[in-house]
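I opened a new structure today and kept notes as I went. Here is what I looked up, entry by entry.

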Amino acid sequence: MNARARSFWREEIALVALLFAFFAGIVCFALPLPFDARLFPLVIGGAGILLTLAIAAVELRRPLADVPLPPADDPAATVGWPRFLTALLCAPAFGLLLWLFGFVVASLAAMLAMPILMDYPHRRQIVVVAIVTVVVLTVLCPFLLDVSLPRGVVGDWLVDKLFPDI
Amino acid sequence: MLDNLLLGLAAALHLKQFFFMTLGTVIGLWVGVLPGLGAPVAMAILIPFTFSMDPLSALLMLASISVGGAFGGSVTSILLNIPGEASSAATSYDGYPMAQQGNAKVAMGLSAGASMVAGIIGVLILMFASAPVAKASLAFSPAEYFALAILGLTVVSVAALGSTVKGLAMGALGIAISLIGVDSILGTERYTFGSVYLLDGVSFVPVMVGLFAITELIDMVIAGGTIAKAGKLDGSLWKGFWGTFKYPFVLIQSTAVGAFLGMIPGIGATAANFLAYGIAMRSSKHPELFGKGAPEGVIAPEASNNSCIPTSLIPALTLGIPGGVTSAILLVAVTLQGLRPGPMLFTSNPELVWGFFMGLLIGAVMATLLYLVMIPWFALITVVRIELMAPMLLIITLFGAYANDRNMMDVFVAIFFGLFGYFARRHGYPLISLIIGLILGKLAEGSFAQALMISDHDYSVFFLRPLSAAIFALCLILVLWPGVKKRIGHGGAEAT
């Protein structure tokens, strides 16, 4: 079994373990509930545990030589780890920035940083597209979604400090 | 019936509905052209935008995205041999050779003609079959509803690519997630751990945004680059469009295949696409021309996937059991608008239901016209750099998740499900099973509890009623059949 297949197999086992833990939690936390409220969770949690055990049994009993490789068309197999990490972390990083600094800062950061991290060479084009996109979205989103843009924890704190009367 | 048709026509022929149908179709065509970014992704991203819309506009816009996506999916299949949507994969078998022969526009015209006819027939079947199915479902007891929910989940898990056990596990996960929040029977808090956010349960919108949009985005960021170097179109679009009608047998046969498969939960447009292609090839007088640019090879898959979309709404609207991704998203939109799918929807909201049906009918023609007029422009989308498009989609997607309830927690839930969905899909866990489990969870638990209450906690109620027993038997056959087939195959191989 080569390193790629081993890490793919470990991913699979981690996924099964996560599912098992979730279903075990469903069963355990259902036990103190009244009978009618716990019955269905016990059925579903029990079924989930059996299914994950069946998947685990298949994976663990499989001979090492038969461990499947990632799909041939899997783009993750052909790119380096910086691109892979960018792909995985762009959404959590944007979420964190949105929570802390609000829509405008998070959007600008995403529009400027993501193309650079993806090795897009035309910096001037990135800046122009980022500014135009953020301005358009800042104007359109509240109108289309009928919701005000989040200012973030830091933004709210700043507004409270600088404009206490608003 | 005539009254309902007129009522629906009056509701659909409103300028506002036209606007949202056009918008939905254009978005659908756009995302359909882009491989990876299919109609379900666009529908999931745009669900939050529908909250402030009236129910008919919201449903018509989402359904139009689905129809537009099916139309647009054929473009890259024909031009680049890369299906824009999985449901257009078989179109590339003959569409791409036609493009190589300098007949790209003819192939697109054939695709448009077949899609329009099949779409119209599919909607007509939806119109005439929904009301009787809804009426018949009034006779169902909670035991049957529970059995149907399990059947829907089983069929989707079995039909999904990969392992059935993984599909069922994802279905169970979806149902388990639906248990979070206040229990609908007794009002007991479950799995909330004191969190106010979890009292209402996990919302559909962030889960769908995560599973469909974020997972695709991760793949897009990894892949990078552009889809094509240039969108080149040759031949005559209209020649192809009228050429469709030279093959009436293939057109009707493939439409029937797609319409039938659409009604069965879990089969979906992708399977219909391949099956119709295979049947058309076998029934052709010149099967040797298939794969070399045969017009029937474009008509068959396009007719089947477009007739499949409207008929997949029959179980969703009448029984509340979604047949596939797009009908699941539409079902979520129906629920978010405060409506309950099922027979009561037809009696309490006839204007909405029939307006929706008539809107779909008009939408099939509208999508064809927009496709024929705008497709040269949409082909240019394939040259847009993913590096610039991905961050825009990320912002719109996650802000949409936030706008759902103006709650940052929804953003984090979407991100969590996006990451989980990415790894789950990589390992062959079908995400559609999770969504369908989540949608069916409340129905399954409610009917399970009601059936037990009615029968005084006698569990045999699920197996003594003939219909529910038959449905459960069908579930068992579906789950066991692949294993039995494999064993028979092995036995046969050993014997020989």
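**Entry 1: terms and ground rules.** I call a residue buried if 20 or more other C-beta atoms lie within 10 Å of its own, exposed if 12 or fewer, and partly exposed in between, with C-beta atoms placed from the backbone. This is a predicted model, in which local features need pLDDT of at least 70, side-chain atom pairs count only at pLDDT 80 or more, and totals for chains, interfaces and linings use all residues. Residues are numbered from 1 along each chain as its sequence is written, while chains are lettered from A and ligands numbered from 1 in the order in which they are written.

**Entry 2: helix H3 of chain B.** I began with a helix that spans residues 39-46 of chain B. Helices (H or I, at least four residues) and strands (E, at least two) are DSSP runs, numbered from the N terminus. How many residues of helix H3 of chain B are buried? I found 8 of the 8 buried, so helix H3 is largely enclosed by the rest of the structure. Among them are B:Pro40, B:Met43 and B:Ala44.

Entry 3: Helix H2 (residues 15-33) of chain B has 19 residues. From first C-alpha to last it reaches 27 Å, close to the expected 27 Å. The expected span is 1.5 Å times one less than the number of residues. Its buried residues include B:Phe20, B:Trp30 and B:Val33. Helix H12 (residues 248-263) of chain B has 16 residues and reaches 23 Å, close to the 22 Å expected. Among the buried residues of H12(B) I noted B:Gln253, B:Ser254 and B:Leu261.

**Entry 4: chain B as a whole.** I counted 23 helices and 2 strands in chain B. Its C-alpha trace spans about 70 × 60 × 55 Å along the principal axes. Of its 496 residues, 62% are buried. I then checked the radius of gyration, taken over C-alpha atoms; the globule rule is 2.2 Å times the number of residues to the power 0.38. A compact globule of 496 residues would be near 23 Å, and chain B has 22 Å, which agrees. Two residues are in contact if their C-beta atoms, placed from the backbone, lie within 7 Å. In chain B, 80% of the contacts between residues at least 6 apart in sequence join residues at least 24 apart.

**Entry 5: chain A.** I found 6 helices and 0 strands here. What radius of gyration does chain A have? It has 24 Å, whereas a compact globule of 166 residues would be near 15 Å. The C-alpha trace of chain A spans about 60 × 50 × 30 Å along its principal axes. Buried residues make up 27% of chain A. Chain A is divided into domain 1 (3-66) and domain 2 (79-162). Domain bounds come from an automatic or database domain assignment. The centres of these two domains, taken over C-alpha atoms, are 36 Å apart.

**Entry 6: where the chains meet.** I see 56 residues of chain A in contact with 51 residues of chain B. On the chain A side, helices H1 (3-30), H2 (35-61), H3 (81-101), H4 (103-117) and H5 (123-145) each give two or more residues. That side divides into 43 nonpolar, 7 polar and 6 charged residues. Here Ala, Val, Leu, Ile, Met, Phe, Trp, Tyr, Cys and Pro count as nonpolar, Asp, Glu, Lys and Arg as charged, and the others, Gly among them, as polar.

**Entry 7: the core.** A nonpolar core is a set of buried Ala, Val, Leu, Ile, Met, Phe, Trp, Tyr and Cys residues joined through C-beta atoms within 7 Å. The largest one has 211 residues, and B:Met208, B:Ile329 and B:Leu398 touch the most other members. Helix H6 (residues 104-137) of chain B gives the most to this core, with 17 residues. Both domain 1 and domain 2 of chain A supply at least three residues each. Leaving aside neighbours within four places in sequence, B:Met208 is in contact with residues including B:Ala44, B:Ile329 and B:Ile435.

**Entry 8: two positive phi angles.** Most residues other than glycine have a negative phi. B:Tyr191 has a positive phi of about 55°. B:Tyr191 lies in the loop between strand S2 (189-190) and helix H9 (196-199) of chain B. Is B:Tyr191 buried or exposed? B:Tyr191 is buried, because 20 other C-beta atoms lie within 10 Å. B:His457 has a positive phi of about 60°. B:His457 sits in the loop between helix H21 (431-454) and helix H22 (461-464) of chain B. With 12 C-beta neighbours inside 10 Å, B:His457 counts as exposed.
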